[in-house]
Amino acid sequence: MRFSEAWLREWVNPPLDTQALVDQLSLSGLEVDAVEPAAPAFRGVVVGHVQSVEPHPDAQKLRVCQVDVGEDSPLGIVCGAANVAAGQRVPVATVGAVLPGGFKIKRAKLRGVQSLGMVCSAAELGLAESADGIMVLPADAPVGEDLRAWMALDDACIELDLTPDRADCLSVVGVAREVGVLNRADLHEPSIEPVVAAIDDSVDVRLGAPQACPRYLCRLVRGVDPSAPTPLWMQERLRRGGVRPLGVVVDVTNYVLLELGQPMHAFDRAKLDGGIDVRLAEQGETLDLLNGDRVTLRPDTLVIADAQRPVALAGIMGGADSAVGDDTRDVLLESAFFAPAAISGDARSYGLRTDSSHRFERGVAPERCRLAMERATALLLSIAGGRPGPVVEAESGAHLPAAPRIDLRRGRIPKVLGLTLDDADVEDILGRLGIALAPTDQGWVATPPSPRFDIQLEEDLIAELGRVYGYDRIPVTHARSAAATRAPLEMAYEPRRVRRVLLDRGWSEAVTYSFVSRGLQGAVDPDVEPLALANPLSAELSVMRAGLWPGLLQAVRQNLARQQSRVWLFESGLRFRADEDGLHQEPMLAGVAVGPAQPEQWGAEGRDLDFFDLKADVEAVLASVGCADAVDYVRDAHPALHPGKSARILRDGRPLGWLGSIHPSLAATLDLPGGVQLFELEVSALGGAPRPAFESLSKFPSIRRDLALVVDEDIAFDTVRRSVAAAAGDLLRDLVLFDLYVGEKVDSSRKSLALGLILQATSQTLTDDDVAAVVERVLAALKADVGAELRA
């Protein structure tokens with residue numbers, strides 16, 4: 001919300017300078033985002049009257065003007081603007097004037113003709129970004145008057161960064177009411193009287209969706225002059241409020257928007273067919289918007305329609321086919337209340353963001369519709385003329401929001417606020433906020449005013465008391481009770497420990513959105529139906545993530561596009577899945593990596609990260625939480641993973657997660673290289689490992705025996721490991737796979753594994769016979785279990 005400080009002070013004028021006012025607003029919860037001057041610094045610019053305009057004798061595009069600036073004689077000024085004309089009031093920078101940017105005006109000769117100043121455009125004065133010609137002032141501008149003083153340009157533009165709950169302050173009257181409450185200052189509201197109808201013409205209105213639009217007002221004004229210039233005072237208030245003047249009819253509706261916070265719209269009556277129908281769109285209907293876009297409407301979208309077609313997106317933007325233009329003579333003004341739930345998210349779903357939708361989504365007071373209609377009508381008639389008809393109002397009282405009745409307990413205030421307030425202070429503060437109070441034995445029953453959609457609970461009322469009383473005045477108190485502490489379980493999952501393991505192994509932690517696009521989620525895991533958001537921020541953030549991979553893959557893609565060749569990202573966060581039992585929020589740990597296995601260096605040959613590098617990092621994570629020995633890696637298929645390079649991770653038979661290389665089709669869809677590696681673990685299945693226990697070290701030496709075995713190619717090493725461990729028994733201290741070979745002298749359907757068996761006893765030195773017996777048992781078990789043979 002951006003507004004002029006001078007405009008605000010016409011409504012309420014507390015004894016505060018600009019900085020004090022800004023500090024007060026921020027401290028009360030209306031954060032001031034910026035304070036800017038209404039115009040850049042310049043001096044020596046006065047109001048001039050162009051008495052005559054003659055062609056330059058030696059330049060076709062220049063003109064020689066005689067300009068009266070209130071001195072003894074007019075000034076001769078050479079001007080190149082095509083729109084300069086005799087009789088105009090214009091801003092004149094006299095000799096010695098300094099314009100924005102430090103540009104100083106001097107006497108000059110332009111193609112042989114002396115020029116004693118410069119007729120200025122709005123852009124040259126810093127009042128517009130661009131200009132097609134000089135700035136023409138109203139005909140009653142006082143000649144010779146200092147322009148800066150006459151236009152009150154020593155003003156400040158204050159911009160508020162309002163939270164969504166303070167929609168009541170999205171207007172000058174809302175901010176003024178707030179300032180008045182904070183300073184116990186009177187509010188000077190302009191007198192807005194009903195405009196008497198001069199004609200009987202009207203337009204019929206039908207509420208086809210009363211739950212979405214329970215109140216709709218319109219008024220026909222005939223004979224409007226669309227060429228009438230918007231008064232300079234209105235243009236300046238719009239400009240200082242961040243709104244560009246567009247023409248008298250639109251300027252009036254925008255002015256009412258800034259002043260009262262009520263969005264309005266104006267239709268060209270000649271372009272409407274029949275009456276107005278506020279209804280939901282029909283399947284397949286389209287609408288050409290004012291911004292030039294054509295949208296295909298969804299059936300749940302509220303529209304304003306005539307007898308033939310939609311003519312506006314309700315509460316968002318009007319249609320181009322019914323817009324007012326230079327030939328408009330009859331205007332239909334609209335002022336309505338649209339339910340926030342019906343409008344919320346619609347603008348973003350169509351890729352739009354407008355001042356109207358911003359307000360309707362947060363809530364506009366239903367009672368303000370008629371006041372805004374009368375204000376807009378009066379302003380339009382005073383500027384562009386016309387003959388107004390009666391106000392047509394369609395209403396569904398059953399669907400209008402009812403003000404809540406909230407019990408405020410006297411004893412609850414100090415418990416929440418930490419401050420005891422007298423009843424008189426409570427009644428004074430809430431009364432100044434427009435909250436009606438009825439006393440009860442325990443306190444009051446409060447009824448908030450209609451603009452305060454944010455006040456629904458007792459705590460909301462108490463928060464208002466603290467805010468207006470002053471957070472800085474609330475005394476500091478310290479808790480008197482000791483905080484209860486509990487030692488963490490020794491083998492519980494410890495996120496910091498896991499993060500440290502991954503960071504030490506070269507990973508970087510990422511934090512991605514919990515929202516992703518439906519297309520991305522479907523590409524990663526098409527078997528899971530994601531939970532759709534009712535009010536998405538954008539189409540790219542429309543569903544809750546069903547896993548962490550979509551966000552991480554998108555982050556990797558963005559990093560690769562920015563010439564980062566080695567991207568290893570992990571994230572710890574929630575995934576969201578819905579079933580018949582409701583929504584489940586499950587903590588997950590996931591990682592996505594691509595690029596070289598080692599940073600670029602001279603000491604090792606470069607190679608890309610592969611499945612086994614990733615598996616080693618996952619095993620390190622599992623070892624850090626004490627469950628590496630209880631985990632199995634089982635071949636399985638996942639839609640996001642390569643069919644031959646993927647594994648499901650099980651812990652004691654229970655699913656723990658996945659790891660593998662990206663599926664080629666997914667890599668192509670996301671424009672990623674095929675070497676991307678992924679893992680994902682369920683945090684709830686981590687931890688809870690057996691507590692480490694000390695085992696005494698054997699005093700006897702260990703013995704190693706190496707075996708070269710030939711097994712079928714599809715036999716996993718884990719199967720071999722289990723068979724060896726079962727056969728060797730307690731004497732096996734470690735088993736090492738130190739070679740894998742396929743090629744000559746090995747059948748094409750088989751492979752060679754080289755194993756190192758580390759044997760050791762705790763009570764004796766093993767003899768050759770002991771070792772031979774163990775090796776014999778191992779070979780027999782391997783032959784029986786996996787068909788292994790010693791390699792010749």
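**Why do we call it that? A chat about a predicted model**

Modeller: Let's start with R279, whose place is in strand β15. Keep in mind as we go that this is a predicted model.

Colleague: Why is R279 called buried?

Modeller: The relative accessible area of R279 is 12%.

Colleague: You mentioned E285. Where is E285 found?

Modeller: E285 sits in the loop between β15 (276-280) and β16 (286-288).

Colleague: And what makes E285 buried?

Modeller: Its relative accessible area is 14%. The limit for buried is under 20%, so E285 belongs in that class. Beyond its neighbours within four places in sequence, E285 is in contact with R279, V295, T296, L297 and P310.

Colleague: Let's turn to aromatic rings. How many aromatic pairs does a search of the whole structure find?

Modeller: The search finds 6.

Colleague: Why is the pair of W233 and Y255 called edge-to-face?

Modeller: The planes of the two rings stand at 85°, and their centres are 5.6 Å apart. Rings pair if their centres lie within 6.5 Å, and planes over 60 degrees apart count as edge-to-face. Both conditions hold, so W233 and Y255 form an edge-to-face pair.

Colleague: What does this pair tie together?

Modeller: W233 lies in helix α5 (residues 232-240) and Y255 in helix α6 (residues 248-260), so the pair ties together parts that are 22 residues apart in sequence.

Colleague: How do you know whether W233 and Y255 are buried or partly exposed?

Modeller: W233 has 42% relative accessibility. Y255 has 1%, and since buried means under 20%, Y255 counts as buried. Ring pairs also link W7, W233 and Y255 into a cluster.

Colleague: What makes F338 and F360 an edge-to-face pair?

Modeller: Their ring centres are 5.0 Å apart and their planes are at 75°. The angle is over 60 degrees, so the name edge-to-face applies. F338 lies in the loop between β21 (331-337) and α7 (340-343), while F360 lies in helix α9 (residues 355-362). F338 counts as buried at 1% relative accessibility, and F360 counts as buried at 2%.

Colleague: How do you know that R566 lies over the face of W568?

Modeller: R566 is 4.0 Å from the ring centre. A charge over a ring has to be within 6 Å of the centre and within 35 degrees of the ring normal. R566 is listed as lying over the face of W568, and R148 lies over the face of F42 in turn, at 4.8 Å from the ring centre.

Colleague: Now strands. Why is strand β11 described as largely enclosed by the rest of the structure?

Modeller: In strand β11 (residues 156-160), 4 of the 5 residues are buried, so the strand is largely enclosed.

Colleague: What makes β1 and β11 a pair?

Modeller: Strand β1 (residues 2-4) and β11 share 3 bridges in the antiparallel sense. Pairing takes at least two bridges, so β1 and β11 qualify. Within this pair, S4 stands opposite C157. Strand β2 (residues 32-37) is joined to β11 by 5 bridges, also running antiparallel, and V32 stands opposite L160.

Colleague: Why are the buried residues of helix α12 said to line one face?

Modeller: In α12 (residues 423-432), V426, I429 and L430 are buried. Seen down the axis, they fall within an arc of 90°, so they line one face of the helix.

Colleague: What do these buried residues pack against?

Modeller: Their partners are β24 (406-409), α11 (412-417), β25 (436-439), β26 (443-447) and α13 (458-469). Just after α12, G434 takes a positive phi of about 80°.

Technical notes:
Residues are numbered from 1 along each chain as its sequence is written. This is a predicted model: local features need pLDDT of at least 70, side-chain atom pairs count only at pLDDT 80 or more; totals for chains, interfaces and linings use all residues. Side-chain values use heavy atoms; hydrogens and water are left out. Buried means under 20% relative accessible area, exposed over 50%, partly exposed in between (1.4 Å probe, protein chains only). Helices (H or I, at least four residues) and strands (E, at least two) are DSSP runs, numbered from the N terminus. The arc is that of the directions from the helix axis to the C-beta atoms. Contact means heavy atoms within 4.5 Å. Rings of Phe, Tyr and Trp (its six-membered ring) pair if their centres lie within 6.5 Å; planes under 30 degrees apart count as stacked, over 60 as edge-to-face and the rest as tilted.
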